[in-house]
Structures are given as structure tokens and as C-alpha cells.
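Here is a short briefing on one protein chain. It covers selected residues and the nonpolar cores.

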Amino acid sequence: MKKLIKLTVNDREHEIAVEPNMTLTDLIRYQLRLTGTKKGCETGDCGACTVILDGLPVNSCLVLAVQANGRKVETIEGLESEDGLHPIQDAFVEKGAIQCGFCSPGMILSAKNLLDKNPHPDESEIRGAISGNLCRCTGYQKIIDAIKSV
């Protein structure tokens with residue numbers, strides 16, 4: 001039986017009926033049509049589905065949609081403004097930190113969360129912040145360079 005939930009995604013309020021076993025990833029991708037949140041391993045290992053939930057990066061594949069009731073979610077689509085891309089997104093492009101792009105939304109959100117809390121992290125802090133996000137293309141150095149440059 002579906003349950004009616006209310007949540008705020010990228011500063012927009014939504015009221016949606018969801019199945020009790022629907023993940024936050026599926027709600028974001030298939031109900032709200034925000035496809036920047038990627039569906040990777042679905043076991044919380046890759047970080048492709050990372051979103052910011054109430055100020056903390058989470059693997060949205062491990063969060064049930066009903067658990068997001070009354071909460072605030074930020075996805076990659078929420079970073080863009082009228083001025084264009086967020087500075088972190090620009091840095092990823094400039095530094096060549098985006099190759100296939102599959103990990104980029106989750107990686108960028110993890111980086112944003114770190115930089116919001118610590119605008120001048122050292123390399124160790126950056127590595128810790130993105131440790132839950134796997135990338136098979138870049139070898140991580142370009143990603144670290146991009147985060148440092150912001």
C-alpha cells in the first residue's frame with residue numbers, strides 16, 4: 001500500500017505517494033525525473049547515487065523513500081543556478097576530472113558537502129570525503145586537483 005510523503009528536493013516541495021520498498025534513488029530518478037542521480041551497484045558500495053540528505057551525503061540506494069519524509073534532499077541538478085554551473089562543476093570540467101561522467105554527480109556532491117563545511121581541506125580530508133565514491137576512469141588525482149582548486 002502506497003504512503004504519501006512530503007519532501008523538499010532542490011528547494012522544491014513535493015508530495016508523492018510511494019511504495020514502502022521504493023528507494024530514494026528510484027523516487028528521484030523515476031518519480032521526479034532527476035536523472036543526474038545515477039543507479040550503480042544498488043548496494044551502497046559505489047557512491048554513484050550520492051545525494052545530500054539534510055546536509056549529509058548519503059547513498060540514496062540505501063535510503064527508503066519513506067525515510068525521506070519531511071526531509072531536505074539536494075541532487076546534482078540543484079547545484080546549477082541562473083549564473084550557470086556551480087564552481088565545483090566548473091572545476092571538474094576544467095581539470096579533466098570528468099571522463100565517462102557516471103561517478104561525477106555523486107563525487108561532486110560529496111565534494112560540495114566537504115567544501116561547505118571546510119573551504120580549505122587538505123588532500124587527506126579530500127580523499128576521506130570522496131572515499132565512498134568510486135571512479136574507474138580518472139585515477140582520482142584529477143578529481144582531487146579539481147576539489148583543491150575550488
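**Arg127 and its surroundings**

Leaving aside neighbours within four places in sequence, Arg127 is in contact (heavy atoms within 4.5 Å) with Gln141 and Ile144. This is a predicted model, where local features need pLDDT of at least 70, side-chain atom pairs count only at pLDDT 80 or more, and totals for chains, interfaces and linings use all residues. Residues are numbered from 1 along each chain as its sequence is written, and side-chain values use heavy atoms, with hydrogens and water left out.

- Arg127 lies in helix H4, residues 123-129. Helices (H or I, at least four residues) and strands (E, at least two) are DSSP runs, numbered from the N terminus.
- Arg127 is partly exposed, because its relative accessible area is 41%. The classes are buried under 20%, exposed over 50% and partly exposed in between, with a 1.4 Å probe and protein chains only.
- The C-alpha atoms of Arg127 and Asp11 are separated by 29 Å, and the two residues are 116 apart along the chain.

**Nonpolar cores**

- A nonpolar core is a set of buried Ala, Val, Leu, Ile, Met, Phe, Trp, Tyr and Cys residues joined through side-chain atoms within 4.5 Å.
- The largest one has 21 residues. Those with the most contacts inside it include Ile88, Phe92, Met107 and Ile130.
- Helices H2 (87-94), H3 (104-117) and H5 (141-149) each supply at least two residues of this core. H3 gives the largest share, six residues.
- Another core lies apart from it, with 17 residues, among them Leu7, Ile28, Ala68 and Val73.

**Thr50**

- Thr50 sits in strand S3, residues 50-53. Thr50 counts as buried because its relative accessibility is 4%.
- The side chain of Thr50 reaches the backbone oxygen of Gly47 at 2.7 Å.
- The side chains of Thr50 and Asn133 are joined by a polar contact of 3.2 Å. Such a contact is a pair of N or O atoms within 3.5 Å; within protein, one must be able to donate a hydrogen and the other to accept it, and residues adjacent in sequence count only if both atoms are side-chain atoms.

**Lys117**

- Lys117 is found in helix H3. At 53% relative accessibility, Lys117 counts as exposed.
- Not counting residues up to four places away in sequence, Lys117 touches Gly55 and Leu56.
- A polar contact of 3.3 Å links the side chains of Lys117 and Asn113.
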